[in-house]
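Please work through the following exercises with the sequence and the three-dimensional structure open beside you, and try each task before you read its solution.

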Amino acid sequence: MGGMTLIKRSSLYRDLIILGCVLCNLTQIPTLYNNRILSLGYSGAWFLLLIVMILHDHRIKIQYFIIPVFFDIYCIILSLGKGGYTSSDLFRPINLCTFILLIGILAGRFLDEANLQKISGAFILSALIVAIYLYFDIFRGVDWAGTGGYLYGAKNSAGQIFLTAIILLILFFMERYKIISIVLCSIFCALIIMMKSRSTLLTLVLITVYIVLFVIKKPLYKAIGMCVISIIAIIILTDDSLYNLYVNQIMLNNKDINDFSAITSDRDIHYEFFARYFGQYWVVGTGGTYLEAMPLAVLMSYGIVGGIPVLLYSLFPLYVGIKNINKRKDYRIFCHIIISLGIVMWVNGIFEEQSPFGPGAKCYFLWLVTGIFIGYKEKKKKKEMERYE
């Protein structure tokens, strides 16, 4: 009976997580922005999942939540003085990621790699639905390369979701379903290119290098992979038409290379602002300042007292992945996903205010998988201890 109960729990938790992931990803469809029914659906799925899990297993290790608890107390106390901290742009995303991390930890005690693979499959399928919709609704028949603007405003959020799908395809499905995986990766890459999500394209290159160097095991395949990357780069840089497409039209977005502000979408102004004013607010921050660079926004908004803990927390998934990747063979797939997504989201944070905490649905899968792995690891340790008692 106990075994059947465990199977039912794992299936229930997995299915609710799948529902939450699918509905979160579908919010990237423009016609579903701020859709109350959809929002109620995925919020309800996450909260129902949390309530059911707490009723079944309410053991929560506080060490994983010391920093976000400190951050909340810090913001609440300072808000009593001059306000702003609890309404700042990062306060809600940090707490939402912590909420997802908690769900992952509790669920991970009943899930395994097979469950994560099914969750990943649902994530990829829902991301594909978004990609197909965006192509036919926005990009089909349009000179997306020649425009100096962006045809899809939420390009970075959708781009991160598509890149997450690419990572899951490569790590989970490429070996068994090569052709399907290659086709789907090509579709997601095409949409990232058409959206001109430049930070996503940069992290796509970084993740490709990471996978070649650290995921591929055979030295010959590593060498071939690096040669292919180098050849593609050389071809793009030496072929006039490809150089014009990828460098001038996409990376520079048809802007004058001498106009640095235009190329960086005025991000240089944000760095100048930080350099000029941070000295006045370096201890406890302003309570909330919008800057298009997460490290700068965190330090300016919360000072070094509140900002340094947040920066450390932003690196928590990477720390978990790197620390555990070589400990056990069954940890590797979890850790490769966590490290890959951690790199993607953190590098994206150099160009955006909220990543790896937000905005919206773009970062939740990183914190979900990190939590699932922590719970899975706790389950393994508990079973080993019981075996030796």
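**Exercise 1: A network of salt bridges**

Asp330 is buried, with a relative accessible area of 19%, where buried means under 20% relative accessible area, exposed means over 50%, and partly exposed lies in between (1.4 Å probe, protein chains only). The model is a predicted one, in which local features need pLDDT of at least 70 and side-chain atom pairs count only at pLDDT 80 or more, while totals for chains, interfaces and linings use all residues. Residues are numbered from 1 along each chain as its sequence is written, and side-chain values use heavy atoms, with hydrogens and water left out.

Task: find which side chain meets that of Asp330 in a salt bridge.

Solution. Begin with the term: a salt bridge is a side-chain nitrogen of Lys or Arg within 4 Å of a carboxyl oxygen of Asp or Glu. The side chain of Asp330 forms such a bridge with that of Arg328, at 3.0 Å from N to O. Next, look at the accessibility of Arg328, which counts as partly exposed at 24%. Finally, widen the view, and you will see that Arg328, Asp330 and Lys380 are linked in a network of salt bridges.

**Exercise 2: Two further salt bridges**

Task: the structure holds 5 salt bridges; describe the one between Arg109 and Glu378, and state where its two residues lie.

Solution. The side chains of Arg109 and Glu378 meet at 3.0 Å, N to O. This pair links distant parts of the chain, 269 residues apart, with Arg109 in the loop between α4 (91-108) and α5 (113-139) and Glu378 in helix α16 (residues 364-388); helices are DSSP runs (H or I) of at least four residues, numbered from the N terminus.

Task: explain which parts of the chain are tied together by Glu352 and Lys362.

Solution. The side chains of Glu352 and Lys362 form a salt bridge of 2.8 Å, N to O. Both Glu352 and Lys362 lie in the loop between α15 (332-349) and α16, so the pair ties together parts that are 10 residues apart in sequence. Glu352 is buried at 8%, and Lys362 is buried with a relative accessible area of 1%.

**Exercise 3: Contacts of a buried residue**

Task: is Gln160 buried or exposed, and which residues does it contact beyond its neighbours within four places in sequence?

Solution. First locate Gln160 in helix α6 (residues 155-173). Its relative accessibility is 0%, so Gln160 counts as buried. Then list its contacts (heavy atoms within 4.5 Å): with those sequence neighbours left aside, Gln160 touches Thr200, Thr203, Val344, Met345, Asn348 and Lys362.

**Exercise 4: A nonpolar surface patch**

Task: which residues make the nonpolar surface patch, and which helix gives the most to it?

Solution. Patches are made of residues with over 30% relative accessible area and no salt bridge, where like charges are joined within 9 Å and nonpolar side chains (Val, Leu, Ile, Met, Phe, Trp, Tyr) within 5 Å. The nonpolar patch covers about 590 Å² and is made by Phe70, Trp282, Val283, Ile304, Val305, Ile308 and Leu312. Helix α13 (residues 294-314) gives the most, with 4 residues. Trp282 lies in the loop between α12 (267-281) and α13, and Trp282 is partly exposed, with a relative accessible area of 43%.

Notes
Areas by Shrake-Rupley, 256 points an atom, 1.4 Å probe, with all protein chains shown as cover.
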